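Q: Please take a close look at one part of this model. I want the charged pairing first, then its surroundings.

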Amino acid sequence: MKHISLKFSALLIPYYAMWAIGPGFFVVILEQKGIAANECAIFTCLISLTAAFVQPFMGFLCDKTGKARKILSVCSILTVLAYTWLYFLDGKIPLVICSILIGATINAMYGFSEGWLSKLDCDKLGVNFGAVRSIGSLSYAVTAGVYGQLFDIFGAVSLPIAMAVSTLVLIPVAMLCPN
């Protein structure tokens with residue numbers, strides 16, 4: 001009988017919280033900076049397009065080095081730094097660079113969290129991948145709702161702080177998961 005892995009569930013909780021906070025409120029921050037909707041779409045598109053290049057490279061890097069936990073940790077720290085930089089940015093060119101950096105780091109993390117579970121062969125370990133993944137989805141939903149309230153109270157300055165909190169949870173949990 002398959003079980004729900006607490007370690008992998010605990011890994012997906014802060015990861016999907018980061019997705020709910022960062023990309024979920026990215027456009028709101030851009031709008032607060034006075035960026036037009038069509039330009040917000042371009043910056044959001046850059047985040048998504050970056051995945052096409054970053055995920056295969058990071059998968060290769062992870063396979064070659066066998067250091068998924070460390071690479072995931074570095075990517076989560078860089079994601080926090082990118083969102084912190086976003087808060088201070090003005091001008092289109094810096095926003096383009098920041099969008100690409102955000103896309104590079106958060107999309108690299110996606111491949112690790114999902115691919116990591118797949119590579120460990122959930123069937124062999126008896127892990128119910130669907131149930132573990134559902135916990136990540138619940139984390140996204142709860143975080144989006146709760147963080148929306150916090151964003152209304154504290155504004156955009158809260159985004160890097162919330163991302164940092166998620167990272168501070170993600171890194172030690174990642175170190176507990178099998179490599």
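How many salt bridges does the count come to?

A: The model is predicted. The count comes to one salt bridge. Its partners are Glu 39 and Lys 92, and their closest N and O atoms are 3.7 Å apart. That separation meets the rule, because the cut-off is a side-chain nitrogen of Lys or Arg within 4 Å of a carboxyl oxygen of Asp or Glu. The pair links distant parts of the chain.

Is each partner buried or exposed? Glu 39 is partly exposed, with a relative accessible area of 26%. Lys 92 is also partly exposed, at 40%. Both values fall in the partly exposed class because buried means under 20% and exposed means over 50%.

Now helix H2 itself. Helix H2 (residues 37–65) packs with helix H1 (residues 6–32) at an angle of about 145 degrees. Their axes are 10 Å apart. The crossing of H1 and H2 is right-handed. On the H1 side, the contact uses Phe 26, Val 27, Leu 30 and Glu 31. On the H2 side, Cys 40, Phe 43, Thr 44 and Ile 47 meet them. By class, that contact has six nonpolar residues, one polar and one charged.

Next, helix H4. Ile 102 lies in this helix. Ile 102 is buried, with a relative accessible area of 0%. Leaving aside residues up to four places away in sequence, Ile 102 touches Phe 26, Ile 47, Ala 82, Tyr 83, Leu 86 and Asn 107. Two of these names come up in the H1 and H2 contact as well: Phe 26 in H1 and Ile 47 in H2. Pro 23 is a further reference point for Ile 102. The two are 79 residues apart along the chain, yet their C-alpha atoms are separated by 8.7 Å.

Finally, the setting. The protein has seven helices and zero strands. Along the sequence the pattern reads α-α-α-α-α-α-α. Of the 179 residues, 44% are buried. Among contacts with a separation of 6 or more, 83% join residues 24 or more positions apart. The protein exposes about 8900 Å², and carbon and sulfur atoms supply 72% of that area.

Notes: Residues are numbered from 1 along each chain as its sequence is written. This is a predicted model: local features need pLDDT of at least 70, side-chain atom pairs count only at pLDDT 80 or more; totals for chains, interfaces and linings use all residues. Side-chain values use heavy atoms; hydrogens and water are left out. Helices (H or I, at least four residues) and strands (E, at least two) are DSSP runs, numbered from the N terminus. Buried means under 20% relative accessible area, exposed over 50%, partly exposed in between (1.4 Å probe, protein chains only). Contact means heavy atoms within 4.5 Å. Accessible areas come from the Shrake-Rupley method with a 1.4 Å probe; for residues, only the protein chains shown count as cover. Axes are lines fitted to C-alpha atoms, for helices over the stretch in contact, and angles run from 0 to 180 degrees between N-to-C directions. A crossing is left-handed if the near helix is turned anticlockwise from the far one by less than a right angle, and right-handed if clockwise. Ala, Val, Leu, Ile, Met, Phe, Trp, Tyr, Cys and Pro count as nonpolar, Asp, Glu, Lys and Arg as charged, and the others, Gly among them, as polar.
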